[in-house]
Amino acid sequence: MENKIKAGIVGGTGYTGGELIRLLLNHPYAELAFALSRNASGKKIHAVHQDLLGETEMAFSSELQDADVIFLCLPHKESQPWLEQNKIPAGTKIIDLGNDFRLDGAFQGKNFVYGLPEFQKEKIKTANEVANPGCFASAIQYALLPLAEKKLLNQVFVTGITGSTGAGVKLQDTTHFSWRNNNVSAYKTLTHQHLGEIRQTLEHKNGNQVGIHFVPWRGDWPRGIFVSATLECHQSLDELYEAFEAFYKDQPFVWVSREAINMKQVVNTNKCAIQLEKQDNMLVVHSAVDNLLKGASGQAIQNMNVMFGFEEHAGLKLKPLAY
């Protein structure tokens with residue numbers, strides 16, 4: 001493609017920024033115009049993201065430049081202040097990877113569409129602003145959307161475990177190697193910040209209130225999420241599998257398996273893997289995603305592809321870390 005779109009990144013030194021840089025450098029229809037950083041301006045990108053050694057000699061920028069699309073990879077609750085302080089040219093599309101606009105997308109004449117492509121792809125196609133979903137929110141919604149479509153949700157009990165990159169690049173006590181290694185712990189029990197966006201999507205599909213009772217866990221690996229959602233359900237397993245397969249049949253990144261799934265099937269990809277198990281009237285839906293890709297930067301690129309009319313999988317044919 002001769003005339004590639006220009007993409008810019010605001011907040012390029014974190015995990016999601018680094019993943020976006022990697023994906024954009026290899027995208028067939030987009031080129032990285034700039035990666036802005038307040039703290040690393042003038043420093044070579046590969047000096048911060050060492051996996052990009054030999055991939056680019058670009059340095060981080062301190063100033064906003066022209067682009068067709070801008071990705072905001074700022075800490076949560078910093079996207080709105082940044083937009084208030086910086087003028088974005090008319091016609092420039094925005095994809096926010098923070099949580100500022102997931103519940104209320106109206107802001108200064110802008111209207112951020114919730115960017116879960118398998119939920120509302122048609123709205124994303126015509127959107128100028130997209131609020132990219134959270135990582136746990138993505139995994140849980142993929143596990144439950146087909147059930148919400150069938151109005152089968154009432155009370156759902158979810159456990160999910162994530163790698164250390166889900167906590168961000170800034171060092172914390174609970175991300176330090178000596179604490180995290182050979183260790184598992186629960187955190188934000190029943191209060192996780194993604195619950196609002198999960199309920200918003202599922203209740204839109206389900207037609208009534210959904211109880212989501214979520215216990216997140218910290219795992220002792222860098223990346224990847226595995227979620228198990230348990231609920232009472234009277235449909236047969238075959239009926240449920242048929243509903244899931246029909247719901248996702250035209251979606252290039254969600255795969256429904258009748259065999260046991262594992263997290264390594266999806267790590268380093270934009271895929272979501274789903275498996276169902278049933279005992280008597282209790283159903284368990286397992287889902288797995290890479291928290292930095294399908295749960296963040298990969299999904300952001302998928303949204304960009306939809307917004308600009310590219311093939312949905314463009315730049316996202318990635319090999320999983322199978323071993």
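**Helix α7 and the cysteines**

The model is a predicted one, in which local features require pLDDT of at least 70 and side-chain atom pairs count only at pLDDT 80 or more, while totals for chains, interfaces and linings use all residues. Residues are numbered from 1 along each chain as its sequence is written, and side-chain values use heavy atoms, with hydrogens and water left out.

Helices (H or I, at least four residues) and strands (E, at least two) are DSSP runs numbered from the N terminus. Leu195, Glu197, Ile198, Thr201, Leu202, Lys205 and Asn206 of α7 are buried, that is, under 20% relative accessible area (1.4 Å probe, protein chains only). Viewed down the axis of α7, these buried residues fall within an arc of 170°, so they line one face of the helix; the arc is that of the directions from the helix axis to the C-beta atoms. Their cover includes β6 (110-114), α4 (117-125), α5 (135-149) and β10 (211-218), where contact means heavy atoms within 4.5 Å.

A search of the whole structure for disulfides (pairs of cysteine sulfur atoms within 2.5 Å) finds 0. Cys73 is in no disulfide, and the nearest cysteine sulfur, in Cys135, is 14 Å away. Cys73 counts as buried at 10% relative accessibility. For Cys272, the closest cysteine sulfur, in Cys135, is 13 Å away, which is too far for a bond. Cys272 is likewise buried, with a relative accessible area of 0%.

Definitions and conventions:
Buried means under 20% relative accessible area, exposed over 50%, partly exposed in between (1.4 Å probe, protein chains only).
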